[in-house]
Amino acid sequence: MTDLLTLSADVIDGRLELDRAGPLNRINHELSEINDSLAVVEAFSHCIVFKTDDGLVAFDTSNEHGGQRCVDAVRGWSNSQFNSLVFTHGHIDHVGGAGAFVADSESAKVVAHENVARRFERYRLTNGYNHVINERQFGQFKRRGYDLAGTRQFLPTATPEPHQTYQSTLDLDVGGTAFQLRHARGETDDHTWTWVPSQRAICAGDFFIWAFPNAGNPQKAQRYPREWAQALRDMVTMEPELFLPAHGLPIAGEKRIRHVLTSVAEALESLVQQTLDLMNEGARLNDVIHSVKIPRASLDLPWMAPVYDEPEFVVQNIWRLYGGWYDGNPAHLKPAQEARLAAEVASLAGGALTLAQRALDHVETDIRLACHLVEMAALAESDNTAVHAIRAEIYQKRREGETSLMAKGIFGSAANESKANLS
């Protein structure tokens, strides 16, 4: 069994390089005991379990495919019933496995922020859309364990509604152990982080994920980077000795935790301030995207790599939060049909294939421009296999040059769309 606290300390303190540490966010459904009354099951989202004198308190239940495996792992550690299941937020990789926990302990009480129920209703309204975007985002990575929803219902039907909800704060006492739940907006509007005084521990949900914060996701609902940064700073004031995220390694040591959380908060605050400064000057969104930067040194920190989300996407989300959907380009306010515009540009260029071939000329020097051109070519002549061959080549190359899973997923999906048109 890996000593998770030693591993995280070695990485944060610089004694172990990332390429030697191995994956920091593993999906192995193995339980690691932190101490006699605390354990972590590493899963799609981790299940963090506390023993109390009145049963177990579990923070998150992983996804539908991992719920039973998490329960089985816990049962190798404790035979006590689950007293309470705390949803740190309503994403299905955190709540989708709850059915297995309830089947194991029918009296288990689900506790969550009041917006979790609203999220569940939104998932039911947008069931098909969520399947589409999650296949696009994670479908190419299923062999690595990123398989969120394989059933017809995006939100598994066995997922229980919360039994107890709260608005701002909630103090629970389970078997003499205190859990102080605190709401803050960050990745979601229904997020909970929890202070456990007896352990001087924080259960952080997705406020920290051992990667650049998921504050920009281009296919998902609004994120709140400014409030996210404040939540991290609020956690620091508790002077925790244990920090338990729902993804990646737990962290021990007040100084180490303060360093990590402060660095993430500073990055988010910088993105917000830079973006708002340019918005206040009247800049267009496109100008903001290409102007706002995070120092390379920040992204090189072992817990800040843009391997899932990335700063450019966060900038777009900041704009959406404070400025709405109009990007400052008047042509985009009431745009022409994309295929009609593409056909006109292709005609000016001498045909869709000529436009696509021109895109190839820019692949090495400006692949962003190449993607614009080849996308227009494909829209102009959607049945042109020669154009689709070029489109597949360009988007595949674009995918290989990206760092974030989100960008890789979208560009890879585009490449696969065109490959399908070649058969």
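Predicted model: local features only at pLDDT ≥ 70, side-chain atom pairs only at ≥ 80, totals over all residues.
Q: Why does Leu333 count as partly exposed?
A: Its relative accessibility is 44%. Buried means under 20% and exposed means over 50%, with partly exposed in between. The value of 44% lies in between, so Leu333 counts as partly exposed.

Q: Where is Leu333 found?
A: Leu333 is in the loop between α12 (311–323) and α13 (338–349).

Q: What makes the nonpolar surface patch of about 360 Å²?
A: Trp325, Tyr326 and Leu333 make this patch. A patch takes residues with over 30% relative accessible area.

Q: In which order do the six strands of the open sheet stand?
A: The order is β8-β9-β10-β11-β12-β13, and the pairing is mixed.

Q: Why is one side of β8 and of β13 left without a neighbour in the sheet?
A: β8 (169–174) and β13 (251–252) stand at the edges, and each has a single partner strand, so one side of each has no neighbour in the sheet.

Q: Which strands does helix α8 lie across?
A: Helix α8 (residues 225–237) lies across β10, β11 and β12 (242–245). The helix runs at about 5° to β10.

Q: What is the order of the open sheet of seven strands?
A: The strands stand in the order β1-β2-β3-β4-β5-β6-β7, with mixed pairing. At the edges are β1 (30–35) and β7 (164–166), each with a single partner strand, so one side of each is left without a neighbour in the sheet. Neighbouring strands of this sheet are turned by 20° against each other on average, direction ignored.

Q: Which residues does Ala283 touch, not counting residues up to four places away in sequence?
A: Ala283 touches Leu278, Val288 and Trp319. Contact means heavy atoms within 4.5 Å, so each of these residues has heavy atoms within that distance of Ala283. Ala283 is found in the loop between α9 (254–280) and α10 (285–289).

Notes:
Residues numbered from 1 in each chain as written. Heavy atoms only, no water. Pairing = 2+ DSSP bridges. Helix = DSSP H or I, 4+ residues; strand = E, 2+ residues; numbered from the N terminus. Axes fitted to C-alpha atoms, helices over the stretch in contact; angles between N-to-C directions. Patch = residues over 30% accessible without salt bridge, like charges linked within 9 Å, V, L, I, M, F, W, Y side chains within 5 Å. Areas by Shrake-Rupley, 256 points an atom, 1.4 Å probe, with all protein chains shown as cover. Salt bridge = Lys/Arg side-chain N within 4 Å of Asp/Glu carboxyl O. Buried < 20%, exposed > 50% of the residue type's maximum accessible area, 1.4 Å probe, protein only.
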